[in-house]
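Here are some notes to read alongside the model. Please keep the structure open as you go through the points.

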Amino acid sequence: MLEIRVARRIGPLDLRIDLSLDGETVLLAGPNGAGKTTLLRLLLGVLAPDEGRIALGGRVLFDREQEIDLAVEDRELGYLPQDYALFPHLDVIGNVTFGLARLARSERLRRASDWLARLGASHLARRFPSALSGGERQRVGLARALARNPRALLLDEPFASLDQVARRELRVSMRGWLRDWQLPALIVSHDPADAVLADRIAIVERGRLIQQGTLDELQKAAASSFVSGFAGESV
Amino acid sequence: MKAGVSAWDGVQLAGSALMGAFLILPVLGLVATLSWEDFLGGLRNPLLGPALRLSLFTTSSSLALVVVFGLLLAWRVARNPGRASRVLEAIAQLPAVIPPAVAGVGLLLAFGRRGLLGAWLDRHGIGLAFSTPAVILAEAFVSAPFFVQSAIAAFRRLDENLLVVARTLGASPFRTFLRVGLPLAAPGLVAGAAMSWARAVGEFGATLLFAGNLTGRTQTMPLAVYTAMESDLRAAQALSLILVAVAFALLFVLRRVAPAAMLPGTEARGA
């Protein structure tokens, strides 16, 4: 369970979001500048909310009143940025074991190989990121995030840097993976086609959560022109 | 139109040729006007051995100082943009625009026996001026900006996402610096260290004023060239040729490293 109640002002953006994810996948959509990326940064701990509280599985990550603000590395969040941010100086196995520094070497390699295998990327282990396709990078980035057993997954535009074919293929795979993992997952996307991944869609506009629900619900009673456009297109 | 273009081409060619000739002529002068026997004779000059040893020792010491403290400053400035960082960055650029002789006077007034900090050091039995440590300080002062600037630029080129991801993978800020920041910025850091070292090797003015010109203690290679000039031009020339050889070696290294200063993932993806 990921509970988010945060407020933060940056420049023209006045962000106030109240959102809970209960082991489900939520697609966070909204126009550019609505505050989606800012929300991710608040969750990751790169940016501190002005006020609010973030809790994950009973663990408080941030609480303004209790003065709790866990460091990024202690939040146990799996994060996959838009370009997957693989470390260019490490090969695939080096990337996946990066987050497993506390384990013994043999255990590290076993865990990393295991996750690469689950994501169908075992054959890439000794390659460097520059030699991978976009889809392969995404698999490696996911394996790297999941190898640490995160308590929630944050995906920022996971398909934006892929071509159409890879996008369709990986969307199908991703849907299966998300079902298997049963993790709270927040997917930021501007692509209505990504709605198939989510149990629920949350729409953010100008820093506010203006509507959430299933695709059906959004189609029937769209709260704004963005929502009707988004929900309409994804059919 | 075509005539205009070729006239412009002509001006460019003439300008380039003149500039190139002007820059290479002194180097040719050093090499071409010295016979092999005179060169070997120059190498036997008693100034050479101590000066060479001292230059190697002091420049490697100053480089170590500049790299260690420069890395910390550069990372801080690059990763924490703001007013304090801008001030710090400007301070780190200052020695590059201060004339070396002025730097020498400044160092003397700061670390000399009656200097700002020197008076206090003197009371504790530490005398810096006109000693080998003074040479190291002078070299570190004038050469620091070359490394620091290059390191700040290299750290700024890093893709922010890579650093955030490293943190989400459990890496502390220090481990992120060590395992992601340093390796990805390495080409820029090496290039900066090479430039900085070259500046330290050639350092003359600040050293002369702050450290003096004492054989074996403060007389580095450039000061030995200056001293040799007074009695024996051939010896000065031979010493100079050694520095020229060092410079060429550095240029070679830089031209091989600098193109690699843009590793994938350090520049393009930062946008």
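1. The chain contact. Chain A gives 18 residues to the contact, and chain B gives 18 residues as well. On the chain A side that touches chain B, 11 residues are nonpolar, 3 are polar and 4 are charged. Keep in mind that this is a predicted model.

2. A helix pair in chain B. How do helix α8 and helix α9 of chain B cross? Helix α8 of chain B covers residues 160-168, and helix α9 of chain B covers residues 173-202. Their axes come within 10 Å and cross at roughly 140°. Angles over 145 degrees would count as roughly antiparallel. α8(B) and α9(B) are therefore oblique to each other. The crossing in which α8(B) passes α9(B) is right-handed.

3. Residues at that crossing. From α8(B) come B:Leu162, B:Leu163, B:Ala166 and B:Arg167. They meet B:Thr176, B:Arg179, B:Val180 and B:Gly181 of α9(B). By class, this contact of α8(B) with α9(B) has 4 nonpolar, 2 polar and 2 charged residues.

4. Strand partners of β3(A). Which strands does β3(A) join? One is strand β9 of chain A, residues 185-188, through 4 bridges. β3(A) and β9(A) run parallel. Within this pairing, A:Thr25 has A:Ala185 as its bridge partner. Another is strand β10 of chain A, residues 200-205, also through 4 bridges. β3(A) and β10(A) run parallel too. Here A:Leu28 stands opposite A:Ala202.

5. An arginine in chain B. Is B:Arg256 buried or exposed? The residue lies in helix α12 of chain B, residues 233-257. B:Arg256 has 11 C-beta neighbours inside 10 Å. The cut-off for exposed is 12 or fewer, so B:Arg256 counts as exposed. Along the chain, B:Arg256 and B:Ala191 are 65 residues apart. Their C-alpha atoms are separated by 9.5 Å.

Technical notes:
Residues numbered from 1 in each chain as written. Chains lettered and ligands numbered in written order. Predicted model: local features only at pLDDT ≥ 70, side-chain atom pairs only at ≥ 80, totals over all residues. Contact = placed C-beta atoms within 7 Å. Nonpolar A, V, L, I, M, F, W, Y, C, P; charged D, E, K, R; others polar. Axes fitted to C-alpha atoms, helices over the stretch in contact; angles between N-to-C directions. Helix = DSSP H or I, 4+ residues; strand = E, 2+ residues; numbered from the N terminus. Parallel < 35°, antiparallel > 145°, perpendicular 65-115°, else oblique. Left-handed = near helix turned anticlockwise from the far one by under 90°. Pairing = 2+ DSSP bridges. Buried ≥ 20, exposed ≤ 12 C-beta atoms within 10 Å, placed from the backbone.
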